Amino acid sequence: RAKIAVLLSVLLAVLAHSAAMSAAASVVSTPAAFGATKEGKAYVYTLKSEAGVTVDICTYGACITRLSVPDKDGKCEDIVLGCNDAAEYESHSSYFGGIVGRVANRIRDGKFTLGGNSYQLAQNNGGNALHGGERGFNKRHWKCTEVGSGVRLELVSDDGDQGYPGAVEVSATYTLVGSTLRLEMKGHATKATPLNLAQHSYFNLAGHASGQSVLAHEVKLYSSTYTPLKEHLPTGEVAAVANTPYDFTSSRAIGPQIQALGATLGVTATYDDVQCLISIPEKQEAVGENKFLGFDDNFVIDGPPNAHGLAKVALVSEPSSSRTLLVESDAPGVQFYTGNFLGATPGKGGAMYERHGGVCLETPD
């Protein structure tokens, strides 16, 4: 079972106001049509709280398709990247807003051994298995029911689904109270099998359609160690972040950290703090994955958990709007991803998402 609490706030005054209303449940709308995929129709449930926060949850992929939050002046903006309807989510490859599984992140060569048996998974990422395979949980229709101040979505993954052993019943329950959006994920299997779910929303606190990157967003990660990667896969080492570009133990803007990361890789990356863009010389950008420079790394959460069993994971703020995002979880780590593989990516409402257009804070077990 995994729990994630996302606290969305603007100012301390709003935090205090939200805390005072903590007992007030959000309003859950009747489901609205959200188009259809090849497998059927999809619907969206809207949760709305007295704090001015509105969340749309879709039955396809258990996706967060909209998250509207007020800024310092009370103006609301949708702060998650996404698509216009279910058909676009079906064809999209960026995992916008969905629950990914059975296993979030990558499995080398799509292979693992469990209980003396070897299993070959669907390989959908350069020979590896990523986020559950070719048809992960974000590409499935979930059954949805209203529960108090939120909704519960349920899914059955059959024995052999994407190569995984055993049948699994999973649920994802979203609730909204005040300015706190909570997600609780559970799974039950008929036999031993890997299960490692994560919520894959891309956040841009300036607004998904602002045209701004997240490079000016300031991030604090409650983590003093991370797991180094080679070819996008962990080496098995746990390394200290101190004196490296991975050090977000105090609040830092993302852009300068990516510039510093480039220097460690021999890439001359320059951060323009006016346009909030990273530029790389054309000859360097054409080599390997240099043009995808950014963070896509797992950080180990320091803890300790609070009285609810959740530890602080990340605190993100956006200077122009004064919106802040606090993530808490009972998961041991967080995948910090800065939208490196976005670029001229079509989004909802005619928006175009450029590289570093959103930041993900995925908290798998």
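Of its 62 residues, Tyr-174 and Phe-336 touch the most other members. I noted that strand S15 (residues 168-177) gives the most to this core, with five residues; strands are DSSP runs of E with at least two residues, numbered from the N terminus. A second, separate core has 17 residues, including Ala-42, Val-44, Tyr-60 and Tyr-202.

The model is predicted, so local features need pLDDT of at least 70 and side-chain atom pairs count only at pLDDT 80 or more, while totals for chains, interfaces and linings use all residues. Residues are numbered from 1 along each chain as its sequence is written, and side-chain values use heavy atoms, with hydrogens and water left out.

I then listed contacts (heavy atoms within 4.5 Å) of Phe-336 and, leaving aside neighbours within four places in sequence, found among them Val-219, Phe-248, Phe-295, Asp-296 and Leu-361.

Lys-111 stands opposite Gln-120 in S11, and two residues lie between the strands, with Gly-115 taking a positive phi near 60 degrees.

Last, I checked Ser-321, which is found in the loop between S28 (311-318) and S29 (323-329). Ser-321 counts as buried because its relative accessible area is 5%.

How values were computed
A nonpolar core is a set of buried Ala, Val, Leu, Ile, Met, Phe, Trp, Tyr and Cys residues joined through side-chain atoms within 4.5 Å. Buried means under 20% relative accessible area, exposed over 50%, partly exposed in between (1.4 Å probe, protein chains only). Helices (H or I, at least four residues) and strands (E, at least two) are DSSP runs, numbered from the N terminus. Two strands pair if DSSP finds at least two bridges between them.
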